[in-house]
Amino acid sequence: DSVRPLHAGKMSERYSFSLTTFSPSGKLVQIEYALQAVAAGAPSVGIKAKNGVVVAVEKKQKSVLYDESSINKIEVINDRIGMVYSGMGPDFRLLVRQARKIAAQYSLTYGESIPVSQLVQKVATVMQEYTQSGGVRPFGVSLLIAGFDEDTPYLFQCDPSGAYFAWKATAMGKNYINGKTFLEKRYNEDLELEDAVHTAILTLKEGFDGQMTEHNIEIGVCNSDGFRRLDPSEVKDYLAAIL
């Protein structure tokens with residue numbers, strides 16, 4: 001049976017619905033689609049400073065009737081590690097639960113907080129497992145994981161493919177290319193945590209529609225005291241100092 005050459009678009013369509021089948025060009029197309037879901041998600045930013053890490057994310061609600069206090073995009077994993085996402089919220093919730101479980105098991109076994117790099121590796125392994133088995137789909141989220149180990153701040157990104165990498169500063173979600181370009185211009189190694197918070201807000205502002213308030217962005221900071229999400233009143237003070 002002779003195989004007729006197919007139009008390139010048609011060829012990729014033949015492989016686009018199977019997660020576990022490589023396309024002729026060597027791609028798993030579903031993972032690329034998952035990355036598109038991330039790129040369509042709410043913008044998030046992470047910046048590593050000299051003395052800590054800041055993560056910030058846009059938190060716009062579809063309706064003014066939502067109770068804003070019930071929805072958080074930045075989640076605490078343990079006292080030293082926090083996580084934020086761009087992409088699909090429900091997928092993030094599952095990964096948060098897994099990450100907390102991994103962190104709790106480690107501290108139960110060894111009596112100390114899990115090193116950030118180990119937690120990232122284990123969460124990335126969970127994500128990778130969802131790219132290699134039938135009947136599942138990849139997670140539609142990329143994660144920014146911020147943590148502090150032995151006087152050293154860390155910022156990692158995990159992608160739906162299971163790839164993970166450390167960043168000095170990065171942006172994800174809608175408008176991420178502009179965000180990264182802005183960070184490349186503004187970032188320097190000697191950034192203090194306070195300045196990093198300002199830079200994170202300005203990076204979000206790059207692609208922000210409408211008025212930025214303490215209710216439609218969220219900020220988390222991590223330093224030697226641990227990880228915490230800022231209260232709306234604190235966010236308001238930062239916004240007042242900048243805008």
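Trainee: How much space lies in the largest pocket?
Mentor: About 620 Å³. Keep in mind that this is a predicted model.

Trainee: Which residues lie closest to the centre of the largest pocket?
Mentor: Of the 24 residues lining the largest pocket, Q61, I71, K73, Y85 and G89 are the closest to its centre. Helix α3 (residues 89-110) gives the most to this lining, with seven residues.

Trainee: What is the volume of the second largest pocket, and which element gives the most to its lining?
Mentor: The volume is about 220 Å³. Among its 15 lining residues, K59, N72, E218, L230 and P232 lie nearest the centre. Both β9 and α7 (232-242) give two or more residues to the lining, and β9 gives the most, with three.

Trainee: Why is one space called a cavity and another a pocket?
Mentor: In a cavity a 1.4 Å probe fits but cannot get out, whereas a pocket is an open set of points. The structure holds one cavity of 30 Å³ or more, and the largest cavity has a volume of about 90 Å³, so by that definition a probe placed there cannot get out.

Trainee: What lines the largest cavity?
Mentor: It has 14 lining residues, with P43, K174, N175, G179 and T203 closest to the centre. Two or more residues come from each of β1, β8, α5 (176-186) and α6. By class, the lining has six nonpolar, six polar and two charged residues.

Trainee: How do you know that β1 and β8 are paired?
Mentor: Pairing needs at least two bridges. Strand β1 (residues 44-48) and β8 have four, in the antiparallel sense, so they count as a pair. I47, for one, stands opposite A169 in β8.

Trainee: What makes β8 and β10 edge strands?
Mentor: The five strands form an open sheet in the order β8-β1-β2-β9-β10, with antiparallel pairing. β8 (169-172) and β10 (226-229) each have a single partner strand, so one side of each is left without a neighbour in the sheet.

Trainee: Which helix lies across β1, β2 and β9?
Mentor: Helix α6 (residues 193-206) does, running at about 20 degrees to β2.

Technical notes. Residues are numbered from 1 along each chain as its sequence is written. This is a predicted model: local features need pLDDT of at least 70, side-chain atom pairs count only at pLDDT 80 or more; totals for chains, interfaces and linings use all residues. Side-chain values use heavy atoms; hydrogens and water are left out. Contact means heavy atoms within 4.5 Å. Axes are lines fitted to C-alpha atoms, for helices over the stretch in contact, and angles run from 0 to 180 degrees between N-to-C directions. On a 1 Å grid over the protein atoms alone, a cavity is a set of points where a 1.4 Å probe fits but cannot get out, and a pocket is an open set with protein on both sides within 12 Å along at least five of seven lines; lining residues have an atom within 4 Å of a point. Grid points are joined across faces, edges and corners, and a volume is the space filled by probe spheres set on the points. Ala, Val, Leu, Ile, Met, Phe, Trp, Tyr, Cys and Pro count as nonpolar, Asp, Glu, Lys and Arg as charged, and the others, Gly among them, as polar.
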